[in-house]
Amino acid sequence: MSDGKTILVDVSRCTGCRGCQVACKQWNELPATDTVQTGSYQNPPDMNGDTYKIVRFREGRHENGKPYWNFFTDMCRHCVNPPCVLAADEGTMIHDEATGAVVYTEKTAENDFDVLLDACPYRIPRKNEKTGAIVKCTMCIDRISAGGIPACVQSCPTGAMRFGERAAMLELAHKRVEELKKEFPKAHAVDPDDVRVIYVITDDPDKYAEHVGA
């Protein structure tokens, strides 16, 4: 497989606007999710069969009492060696040669959903309870194949999300980490050698969400 494509998410530039979340819904023609107030700005509370990505909000206090409020745009990591593909029946998923995108198809529903969910270290796959389909982010492979970029990246107003050739995004991630470490000593890229959606974070992973890293 070629080096393919990569999405870089610099959470230090994320404002929690959820434009990426809405863009994903619009491009994939997904319906809104009925929700209730849970005491958090995170809405809906989690990904589901009609929500392929979500901006997670986490707030709390550091050991020194200083508050934090972090945003994390959670989505499929499109693993370099995807464990869900290894766990699935042959021919029920696509691991695209050109981009590296992991794409679920109608045949993916032939698999045991719990097996796929347990195989994913990031707990990403979801099942649409109405249709039975097993779904997740596609990396907008249809847009990429037509010369475009993922809808979420296109929508980001702050440049928190970038898209390009893997080597270039890895270089940009490492450069950004070095810049951020001057102010945030804990800054690092999450699982950069293993995934095609690389997050640069400035704090411990558990300050953002569960399953941030493998």
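Reply: Arg56 and Asp74 meet through their side chains in a salt bridge, at 2.8 Å from N to O. The term means a side-chain nitrogen of Lys or Arg within 4 Å of a carboxyl oxygen of Asp or Glu. This pair links distant parts of the chain: Arg56 sits in strand β2 and Asp74 in strand β3 (residues 67–74), 18 residues apart. Helices and strands are DSSP runs numbered from the N terminus (helices H or I, at least four residues; strands E, at least two).

A word on the basis. This is a predicted model, in which local features need pLDDT of at least 70 and side-chain atom pairs count only at pLDDT 80 or more, while totals for chains, interfaces and linings use all residues. Residues are numbered from 1 along each chain as its sequence is written, and side-chain values use heavy atoms, with hydrogens and water left out.

Back to the pair. Arg56 is buried, with a relative accessible area of 14%. Asp74 is buried too, at 3% relative accessibility. Here buried means under 20% relative accessible area, exposed means over 50%, and partly exposed lies in between (1.4 Å probe, protein chains only).

Asp46 counts as partly exposed, at 32% relative accessibility.

Asp46 in turn has a salt bridge with Arg126, with the closest N and O atoms 3.2 Å apart. Through shared partners, salt bridges join Asp46, Arg56, Asp74, Arg77 and Arg126 into one network. The overall count comes to twelve salt bridges.

Next, the domains. The assignment gives domain 1 (5–79 + 140–207) and domain 2 (83–135); such bounds come from an automatic or database domain assignment. The C-alpha centres of the two domains lie 21 Å apart. Their contact takes 19 residues from domain 1 and 14 residues from domain 2. Contact means heavy atoms within 4.5 Å. The area buried between the domains is about 1,400 Å², and carbon and sulfur atoms give 63% of it. Buried area is the accessible area (1.4 Å probe) that two parts lose on being put together, summed over both. Between domain 1 and domain 2 the count is one salt bridge.

Now the nonpolar side. The largest nonpolar core has 46 residues, and those with the most contacts inside it are Ile7, Met75, Met161 and Tyr199. Such a core is a set of buried Ala, Val, Leu, Ile, Met, Phe, Trp, Tyr and Cys residues joined through side-chain atoms within 4.5 Å. Domain 1 and domain 2 both give residues to this core, so it lies between them. Apart from it lies another core, of nine residues, among them Tyr104, Phe113, Leu117 and Ile134.

Met161 touches several residues, including Ile7, Lys53, Met75 and Cys156, with those up to four places away in sequence not counted. Met161 also stands opposite Val9, in β8. Five bridges join strand β1 to β8 (residues 161–165), and the two run antiparallel. Strands pair if DSSP finds at least two bridges between them.

Strands β1 (residues 5–10) and β10 pair in the parallel sense over four bridges. Ile7 stands opposite Val197 there, and Asp10 has Val200 as its bridge partner. In a regular strand the side chains alternate between the two faces of the sheet. In β1, Lys5, Ile7 and Val9 point one way, Thr6, Leu8 and Asp10 the other, and all are buried.

β10 (residues 197–201) is mostly covered, with five of its five residues buried. Val197, Tyr199 and Ile201 lie on one side, Ile198 and Val200 on the other. Strand β9 (residues 188–190) runs antiparallel to β10, joined by three bridges. Val190 stands opposite Tyr199. β9 and β10 form a hairpin with six residues between them, and Asp191 in the turn has a positive phi of about 50°.
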